[in-house]
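Here are my comments on the model, as numbered points. Please read them with the structure open.

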Amino acid sequence: MARMPPKRMSTSEAPVMTEAAIRKLVVDSVTTALEAQAANMANTDNTTRPREAPVARQCSYKEFMSCQPINFKGSEGAIGLIR
């Protein structure tokens, strides 16, 4: 059996991050993201906000018929009415 050459050992170790350093990175990232979002919201005219649905008003039979609704005979079904 052939022997494997010994592995080279690195002379410089990777820097160790402390838990406090990791937390600071997370807090800084979240703060930056929130500031960017706030700036983005301030720069738009908020047209992407969902609009409130109009409130349905009551109407009489006479008002309803004045809109000339399509006659329904009850035999077409939903697909027939759509077509």
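1. What share of the 83 residues of the protein counts as buried? The figure is 0%. Keep in mind that this is a predicted model. The burial cut-off is under 20% relative accessible area, and the residues discussed below can be read against it.

2. Overall surface. The accessible surface of the protein comes to about 9200 Å². Carbon and sulfur atoms account for 60% of that area.

3. Secondary structure. The protein has three helices and zero strands. Along the sequence the pattern reads α-α-α. Helix α1 covers residues 19-43, helix α2 residues 61-66, and helix α3 residues 77-82.

4. Confidence. The mean pLDDT of the protein is 79. A score of at least 70 is reached by 77% of the residues. Among the elements, helix α2 has the highest mean pLDDT, 90. Helix α3 has the lowest, 73. Where pLDDT is low, the predicted coordinates should not be read in detail.

5. Nonpolar patch. Six side chains deserve a look together: Met17, Ile22, Leu25, Val26, Val30 and Leu34 make a nonpolar surface patch of about 560 Å². Met17 lies in the segment before α1. Its relative accessibility is 47%, so Met17 counts as partly exposed.

6. Salt bridges, count. How many salt bridges does a search of the whole structure find? The search finds three. They are taken one by one below.

7. Arg23 and Glu19. These two residues form a salt bridge, with the closest N and O atoms 2.6 Å apart. Both lie in helix α1. They are four residues apart, about one turn of the helix. Arg23 is exposed, at 55% relative accessible area. Glu19 is exposed too, at 52%.

8. Asp28 and Lys24. Here the side chains meet in a salt bridge at 3.0 Å, N to O. Both residues again sit in helix α1, with a spacing of four residues, or about one turn of the helix. Asp28 is partly exposed, with a relative accessible area of 35%. Lys24 counts as exposed, at 53% relative accessibility.

9. Arg57 and Glu63. This pair forms a salt bridge with its closest N and O atoms 4.0 Å apart. The cut-off for a salt bridge is within 4 Å, so I would look at this pair with the criterion in mind. Glu63 lies in helix α2. Arg57 is exposed, with a relative accessible area of 65%. Glu63 is partly exposed, at 36%. Leaving aside residues up to four places away in sequence, Glu63 touches Arg57 and Gln58.

10. Cysteines. The criterion for a disulfide is a pair of sulfur atoms within 2.5 Å. The structure as a whole holds zero disulfides. Cys67 is exposed, at 62%.

11. Gln68 lies in the loop between α2 and α3. The residue is exposed, with a relative accessible area of 69%.

12. Points to keep. The protein is three helices with zero strands, and 0% of its residues count as buried. The nonpolar patch of about 560 Å² includes Met17 and Leu34. Helix α3 has the lowest mean pLDDT of the elements.

Methods: Residues numbered from 1 in each chain as written. Predicted model: local features only at pLDDT ≥ 70, side-chain atom pairs only at ≥ 80, totals over all residues. Heavy atoms only, no water. Buried < 20%, exposed > 50% of the residue type's maximum accessible area, 1.4 Å probe, protein only. pLDDT = per-residue confidence, 0-100. Helix = DSSP H or I, 4+ residues; strand = E, 2+ residues; numbered from the N terminus. Patch = residues over 30% accessible without salt bridge, like charges linked within 9 Å, V, L, I, M, F, W, Y side chains within 5 Å. Areas by Shrake-Rupley, 256 points an atom, 1.4 Å probe, with all protein chains shown as cover. Contact = heavy atoms within 4.5 Å.
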